[in-house]
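Please open the model in your viewer and keep the selection tool at hand.

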Amino acid sequence: MPDDNTPDAPDGTPERGVATKTRPKTKKPSMYRVLMMNDDYTPMEFVVQILVGVFNKTAEEATRVMLAVHQSGVGVCGIYTYEVAETKVSQTMDAAKRAQHPLQCTMEKA
């Protein structure tokens, strides 16, 4: 016995099919570059320590970034999602403040 709500095909038989639900495309989150600025007071060793501790760089990577900061005035510490970048900037600024260094760190859309 056909269901009264089932639409009929042109030949009078009930139509049967698979209901599909279309999912909206999830777009990738925006990425942010975390930048460290050079100053004349923060020791290079402290910058390397931050890059290793906060940004999970190896000693060699940290030294490379620190030298880029020192030589060109700014260096990229990494590229992260907004929340991660914001957290890393905050951790860096807090550590610099505790150590009484004027180190500055910001983020910008990548």
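In which strand is R33 found? R33 is found in strand β1. Before selecting this residue, please note that the model is predicted, that local features need pLDDT of at least 70 and side-chain atom pairs count only at pLDDT 80 or more, whereas totals for chains, interfaces and linings use all residues. Residues are numbered from 1 along each chain as its sequence is written, and side-chain values use heavy atoms, with hydrogens and water left out.

**Stop 1: the whole chain**

Display the protein as a cartoon. The secondary structure comes to three helices and three strands, where helices (H or I, at least four residues) and strands (E, at least two) are DSSP runs numbered from the N terminus. From the N terminus on, the order of the elements is β-α-α-β-α-β. Of the 110 residues in the protein, 28% are buried; buried means under 20% relative accessible area, exposed over 50%, and partly exposed in between, with a 1.4 Å probe and protein chains only. Among contacts (heavy atoms within 4.5 Å) between residues at least 6 apart in sequence, 69% join residues at least 24 apart.

**Stop 2**

Select R33 in strand β1. R33 counts as partly exposed because its relative accessibility is 25%. Apart from neighbours within four places in sequence, R33 is in contact with V76, G78, I79, T106, M107, E108, K109 and A110.

One of these contacts of R33, I79, is the next selection. I79 is found in strand β2 and, at 44% relative accessibility, counts as partly exposed. Not counting residues up to four places away in sequence, I79 touches M31, Y32, R33 and A110. A C-alpha to C-alpha distance drawn from I79 to M107 reads 9.0 Å, for a separation of 28 residues in sequence.

**Stop 2: helices α1 and α2**

Two packed helices are described by the angle between their axes and the distance between the axes. Select residues 44-53 for helix α1 and residues 59-72 for helix α2; they pack at an angle of about 130°, with their axes 9 Å apart. Axes here are lines fitted to C-alpha atoms, for helices over the stretch in contact, and angles run from 0 to 180 degrees between N-to-C directions. That angle makes α1 oblique to α2, because angles under 35 degrees count as roughly parallel, over 145 as roughly antiparallel, 65 to 115 as roughly perpendicular and the rest as oblique.

Which residues make the contact between α1 and α2? From α1 they are M44, V47, V48, L51 and V52, and from α2 they are A59, A62, T63, V65, M66 and H70. By class, this contact has nine nonpolar, two polar and no charged residues. Ala, Val, Leu, Ile, Met, Phe, Trp, Tyr, Cys and Pro count as nonpolar, Asp, Glu, Lys and Arg as charged, and the others, Gly among them, as polar.

**Stop 4**

Select T42 in the loop between β1 and α1. T42 counts as buried because its relative accessibility is 11%. A polar atom of the T42 side chain lies 3.3 Å from the backbone nitrogen of L103. Leaving aside neighbours within four places in sequence, T42 is in contact with V47, H101, P102 and L103.

Next, select T92 in helix α3. Is T92 buried or exposed? At 0% relative accessibility, T92 counts as buried. Beyond four places in sequence, T92 touches M36, I50, V54, F55, L103 and C105.

**Stop 5**

Finish in two loops. N56 is in the loop between α1 and α2 and has a positive phi of about 55° although it is not a glycine. N56 is exposed, with a relative accessible area of 61%. Q100 lies in the loop between α3 and β3 (104-109). Q100, also not a glycine, has a positive phi of about 60°, and at 71% relative accessibility Q100 counts as exposed.

Methods
Polar contact = N/O pair within 3.5 Å; in protein donor to acceptor, adjacent residues only side chain to side chain.
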